[in-house]
Amino acid sequence: MKISVAAVPYFWSADTYKEFYQALAKTSVDIIYLGETVCSKRRSLKIQDWLEIAQQLKDHGKEVVLSTLTLLEAESELSYLKKIVLQSDYQVEANDMSAVQIASEANRSFTVGSAVNVYNTHTLTKLNQLGMNRWVVPVELGKEELRPIASKAIELNIEVEYQSFGRMPLAFSARCFTARHHQLPKDNCQFKCLEDEQGLLIKTQEGDSFAQINGIQTQSSKVVNLLNRSQELASTNIDIMRVVPLNPADTIEAINKLEESISTLSPDITFENNQNYEYCNGYWLQIEGMKYVQ
Amino acid sequence: MELVCPAGNYQSLIKAVDHGANAVYMGLKNETNARNFAGLNFSDKQIAKAIEYAHKNGCKVYCAVNTYAREHTWKHWTRSVDTIMGSGIDTIIVADIGVMDYIRSRSDNFPIHLSVQASATNLESLNFYHRNFSIKRAVLPRVLSLSQVSMLARKSPVEIEVFGFGSLCIMAEGRCYLSSYLTGESPNTHGVCSPASFVRWEDNGSTLESRLNGLLIDRFEENENAGYPTLCKGRFQVEGRVEHALEEPTSLNTMAILPELKAAGVKAIKIEGRQRSPSYVASVTRTWRKAMDLINEQDKNVPSDYIDELANLAEGKQTTIGAYERSWQ
């Protein structure tokens, strides 16, 4: 079982990103996804900065994948996407069909991200013909539904990656919810999301957690936690357990815990700062995503 | 421009055809379409009757097979496609590329419209579906601004259809899993959002509460209009403030920008609402027909009383141009 770290979904300063990846380089993580996947206005790091980080991680023996924007609307976003997809040093993660199109036309292989809808072996096979060699499973798909598709993936030589820790990406909108909360128009958002290291919690009027807003993205309020289920994932033919970053320190803690859980087969989900989070694992068990079952 | 109206059932189809729809869209009675609600949609027998009535009156019929096929029940999707392709229907509306691939294995040129659920929001994405599946038309998600729609319509390799009126989905369609996070059922997997079977109303005397699978979505005072608890339209707490954190209960209405949509080369306007009543379909189709005739034949702006007529039919009795207008975003 390999461990991957998804692109940071939140907007951090250049220094925070750099320190985070320096720390990640020292962990046992196998694959690291880099880049901005949520909002094209977030540019604390330019493409050259990302490539420098990529090189440093590569030097530490990490596999680097350049990730891409999920919701692309403007032409400028498409040109930035093309630059990333058409560089030749790293594999890319396609989070929209536009990236699949650009990569397949250029005969490049690619990872398909969880926001591209692959719900059956027929879609998997078609994307494989176009160049997909790794598949990040849509967050809604649980183990029983996944099983036959993951079996097909073995036959097609596609690696299967499943989000096992972190908040799940649940929706993308034209609207920036962070700007809306601050009563600012999106075009003058003042980069308010830079103030929220892990997004903003939405609670019901009774205080139950509901969702997490992160710019135009809506995440699960609860943190998916399958740290104790690596064997179950392995027996469903999952090759890679994906960690979606929270804040830098807690992410590193969770990775260390996952590594320990995989190597010692210890069924334990706790890690330092554990008390700060509410957990869920419902999607994996094919029930409501927000539920947690012991 | 073509007016495409919802036909949730046979009665609505008749109303839409009689009041001037150029095309109607429908679904089968199963999870293969994004309005898989009890009492809606068409049986095999009804399809034949519906197509006959519409075609006799010069109206086209489209069928949505636009959810994402599940592996265990893949046959439900292929059987639905087989039924539809043999029915005399004009077009299938599809989102799943596995399903598109199946259609193309049966026919090189059967017309496919790309469903809004496929979430194609840019030129390269449209190129993808055009080159791989020869789609004829794409329905754009309700996330683009007017200038983005115009740009796309000018460059697109396929016809463009946009939403004109009805329920306002604020997330990129086909990419929202909030409903299954809360209930286990989503548009992608079950063809439903905030499903009615999970809704509970609680009257506490002075307030009325709406819940979805136990979670409080909204709380209404006596003088407030209590709307259906669509999960993105409730009032929640963010940093201690109670607000419509995602969106207010409101409907989309693009009548005011129809001349711009026409000038951009948009081919068709879609009216949302297969779950609405036949009389609703009749009223909305009638008003939109008048508006489209003004635009198509005389290039006139739509008078504001048409827009007011529609506001009364809208969710929360208010409408918005939505994402088409940059300030909404």
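A residue is called buried if 20 or more other C-beta atoms lie within 10 Å of its own, exposed if 12 or fewer, and partly exposed in between, with C-beta atoms placed from the backbone. The model is predicted: local features need pLDDT of at least 70, side-chain atom pairs count only at pLDDT 80 or more, and totals for chains, interfaces and linings use all residues. Residues are numbered from 1 along each chain as its sequence is written, and chains are lettered from A and ligands numbered from 1 in the order in which they are written.

Two loop residues have positive phi values. Ser194(B) has a phi near 45 degrees, a positive value in a residue other than glycine. Ser194(B) sits in the loop between α8 (187-190) and β8 of chain B. Helices (H or I, at least four residues) and strands (E, at least two) are DSSP runs, numbered from the N terminus. Ser194(B) is buried because 24 other C-beta atoms lie within 10 Å. Gln183(A) has a phi near 55 degrees, again positive in a residue other than glycine. Its loop runs between α7 and β8 of chain A. Gln183(A) is exposed, with 7 other C-beta atoms within 10 Å.

The interface between the chains was examined next. The contact takes 52 residues from chain A and 55 residues from chain B. Two residues are in contact if their C-beta atoms, placed from the backbone, lie within 7 Å. Elements of chain A that each supply at least two residues to the side touching chain B include α4, α6 (143-156), β7 (159-172) and β10 (217-225). Helix α4(A) gives the most, with five residues. By class, this side of chain A has 26 nonpolar, 14 polar and 12 charged residues. Ala, Val, Leu, Ile, Met, Phe, Trp, Tyr, Cys and Pro count as nonpolar, Asp, Glu, Lys and Arg as charged, and the others, Gly among them, as polar.

The axes of α4 (residues 97-105) of chain A and α5 (residues 123-133) of chain B come within 7 Å and cross at roughly 65 degrees. That makes α4(A) roughly perpendicular to α5(B). Axes are lines fitted to C-alpha atoms, for helices over the stretch in contact, and angles run from 0 to 180 degrees between N-to-C directions. Angles under 35 degrees count as roughly parallel, over 145 as roughly antiparallel, 65 to 115 as roughly perpendicular and the rest as oblique. The crossing of α4(A) and α5(B) is left-handed. A crossing is left-handed if the near helix is turned anticlockwise from the far one by less than a right angle, and right-handed if clockwise. From α4(A), Met97(A), Ser98(A), Val100(A), Gln101(A) and Ile102(A) meet Glu124(B), Ser125(B), Asn127(B) and Phe128(B) of α5(B). This contact has four nonpolar, four polar and one charged residues.

Strands also join the chains. β8(A) and β11 (residues 236-238) of chain B pair in the antiparallel sense over two bridges. Two strands pair if DSSP finds at least two bridges between them. Lys203(A) stands opposite Gln237(B) of β11(B).

Within chain B, an open sheet of three strands has the order β8-β9-β10, with antiparallel pairing. β8 (199-203) and β10 (215-221) stand at the edges, each with a single partner strand, so one side of each is left without a neighbour in the sheet. Neighbouring strands are turned by 20 degrees against each other on average, direction ignored. β8(B) and β9 (residues 207-212) of chain B pair over five bridges. Glu202(B) has Glu209(B) in β9(B) as its bridge partner.

Helix α4 (residues 97-106) of chain B has several buried residues, including Ile97(B), Val99(B), Met100(B) and Ile103(B). The buried residues of α4(B) pack against α5 of chain A, and also against elements of chain B including β3 (60-65) and α3 (74-85).

Within chain A, the axes of α5(A) and α6(A) come within 9 Å and cross at roughly 25 degrees. The two helices are therefore roughly parallel to each other. α5(A) passes α6(A) in a right-handed crossing. Contact residues include Leu124(A) and Asn128(A) of α5(A), and Ile149(A) and Lys152(A) of α6(A).

Leu34(A) lies in strand β2 (residues 31-34) of chain A. Leu34(A) counts as buried because 25 C-beta neighbours lie inside 10 Å.
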